[in-house]
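User: Could you walk me through how the labels on this model are assigned? I'd like to see each value set against its cut-off.

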Amino acid sequence: MFGQSANQVKESQRAREFMASGHPDKAVPIYERLVHALPGNPGLIMNLGIALEMSGHDRAATNQFITVLKLNPQSLSARLFLGLAYLDLGQSQDAIGQLRKVVAGQPKNELVRWKLGDAYFSLGKYAAAEREFQALCKLNPRNPKGWYGLGRCYFSLWFSTVQKLRHIAPDSGYALALLAGTYSRHRQYATAVQLYRKAMAKLPALPGLHAAVAEIYKTTGHPEWAAVEEKKERLIAPTVCKTDQLACDYREGRYDELLASASHKVSAESYYWESKAYLRKSTAAYAHLSELPPSAEFHEITAKVDLAQGEFRKCVKEWQEALRLSPNDPEIEKNLAIAYKSFGDQENARKILARLVTRRPEDSDVNYLFGDTLLSLHQPSQAIPFLKKAVRLNPSLLPAQGSLAKAYFETGQAKQAIPHFKAALSIDRDGSLHYELARAYQQEGQIALAEQMVKRFQKIRQAQAQPQKSPPLEPPTPLP
């Protein structure tokens with residue numbers, strides 16, 4: 001290579017071999033020596049940055065890529081890797097600035113479209129993310145990342161639209177109908193039917209409600225009840241396209257036209273149909289993903305559904321399959337560890353996270369998960385450094401605050417535990433953090449505060465002890 005001695009060429013070759021064999025951490029010191037010996041060489045600086053990024057040292061990597069851009073402002077490769085490093089650091093806005101410049105120069109680069117879409121998505125800019133994923137799907141309809149991204153965008157747009165509806169009309173028939181749909185998807189059919197009935201009382205001409213109840217009756221083995229609801233739906237159907245264009249567009253599957261029209265309106269009705277269209281588009285994107293050859297993204301979706309339904313064994317298997325199709329993917333490894341933890345298999349979670357925390361030392365979630373796993377394995381002293389780092393990296397990560405408090409308390413450091421217990425109280429669903437904080441206050445001689453926390457703990461537990469009766473599934477009212 002130009003400007004390198006024979007020994008430096010040999011060293012450079014060793015570094016490339018370490019990179020190719022999946023050991024970027026071993027390549028880092030070699031590239032550091034080469035950059036020191038040959039300052040101002042953009043190729044070596046770039047390689048050092050890539051090795052640092054692949055080793056999980058994203059912040060150090062960004063410095064190298066910035067140096068490359070100072071030497072060569074036209075380097076799209078440096079901008080790409082700088083954008084990726086910013087993404088790993090959670091600096092999505094900075095990532096967008098770099099990745100947009102790469103897209104402008106390489107509009108057919110699938111990796112950049114994907115990562116730019118992810119950057120927009122992480123900031124809640126779902127419409128912008130949708131545009132990038134749409135572009136990716138057009139570039140390569142068989143790329144699962146495009147359809148996976150679109151599915152996530154549409155689902156997030158569905159959720160945000162539902163929230164808008166609940167904000168402006170929380171007691172409307174439209175809000176009740178959407179809530180009923182959520183209960184139905186979670187198989188809480190009796191509650192769903194009750195909510196649909198309330199929505200019908202407020203909006204008797206709203207199409208789709210009787211059809212939704214009919215589907216529930218079919219699913220639960222009541223075909224004769226379903227037939228009654230279907231007849232009621234048929235009485236409403238003929239008037240839909242005469243009186244309600246949004247409902248008509250939805251019925252005919254014209255979701256893009258519906259969304260374009262609804263975007264200019266602010267009403268419970270427009271938000272209702274807009275949310276339903278987004279949910280249909282999300283389902284369609286995921287269905288397209290399922291038709292492609294097996295992909296990590298398809299197994300990710302299935303794993304998340306399993307997790308939501310409490311099917312932890314199935315969830316583990318899906319993440320394992322995703323990892324087989326996309327080996328060394330840190331996000332998949334992290335989610336597999338979470339699945340193991342949900343299943344109660346802390347030891348397998350520990351093994352994954354121990355490797356991952358060395359690769360992503362600046363990832364607050366990974367540090368938290370590893371520390372929390374050590375805590376679950378009754379190793380609070382070993383857990384504290386990782387939990388402290390997680391809190392330092394992301395003070396708003398409240399589960400890490402709670403775990404750090406427990407680790408301090410279990411090691412006899414009640415005074416250090418108290419502020420972290422207090423920080424995490426808003427996520428205490430079972431009262432355990434309030435109880436532990438009471439014990440910490442007591443050990444520190446703060447009896448009045450301890451008694452206050454005990455009272456709050458008892459109140460939470462009493463609320464949980466209230467029996468939650470499931471309503472029976474009721475038959476429909478007969479046709480007049």
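User: How many disulfides does a search of the whole structure find?

Analyst: The search turns up one disulfide. A quick word on the basis: this is a predicted model, where local features need pLDDT of at least 70, side-chain atom pairs count only at pLDDT 80 or more, and totals for chains, interfaces and linings use all residues. Residues are numbered from 1 along each chain as its sequence is written, and side-chain values use heavy atoms, with hydrogens and water left out.

User: What makes C241 and C248 a disulfide?

Analyst: A disulfide is a pair of cysteine sulfur atoms within 2.5 Å. The sulfur atoms of C241 and C248 are 2.0 Å apart, so the pair meets that definition.

User: Why is the disulfide of C241 and C248 called right-handed?

Analyst: Because the torsion about its S-S bond is about 85°.

User: Is C241 buried, exposed or partly exposed, and why?

Analyst: Buried means under 20% relative accessible area, exposed over 50%, and partly exposed in between (1.4 Å probe, protein chains only). C241 has 34% relative accessibility, so it counts as partly exposed.

User: What span is expected for α18, and what does it reach?

Analyst: Helices are DSSP runs (H or I, at least four residues; strands are E, at least two), numbered from the N terminus. The expected span is 1.5 Å times one less than the number of residues. α18 has 13 residues and reaches 18 Å from its first C-alpha to its last, close to the 18 Å expected.

User: Which residues of α18 are buried, and what covers them?

Analyst: The buried residues are A296, E297, H299, E300, I301, A303 and D306. Their cover includes α9, α17, α19 and α20, where contact means heavy atoms within 4.5 Å. After α18 comes G310, with a positive phi near 75°.

User: What classes of residue make up the lining of the second largest pocket?

Analyst: There are 23 nonpolar, eleven polar and nine charged residues in that lining. Nonpolar covers Ala, Val, Leu, Ile, Met, Phe, Trp, Tyr, Cys and Pro, charged covers Asp, Glu, Lys and Arg, and the others, Gly among them, are polar.
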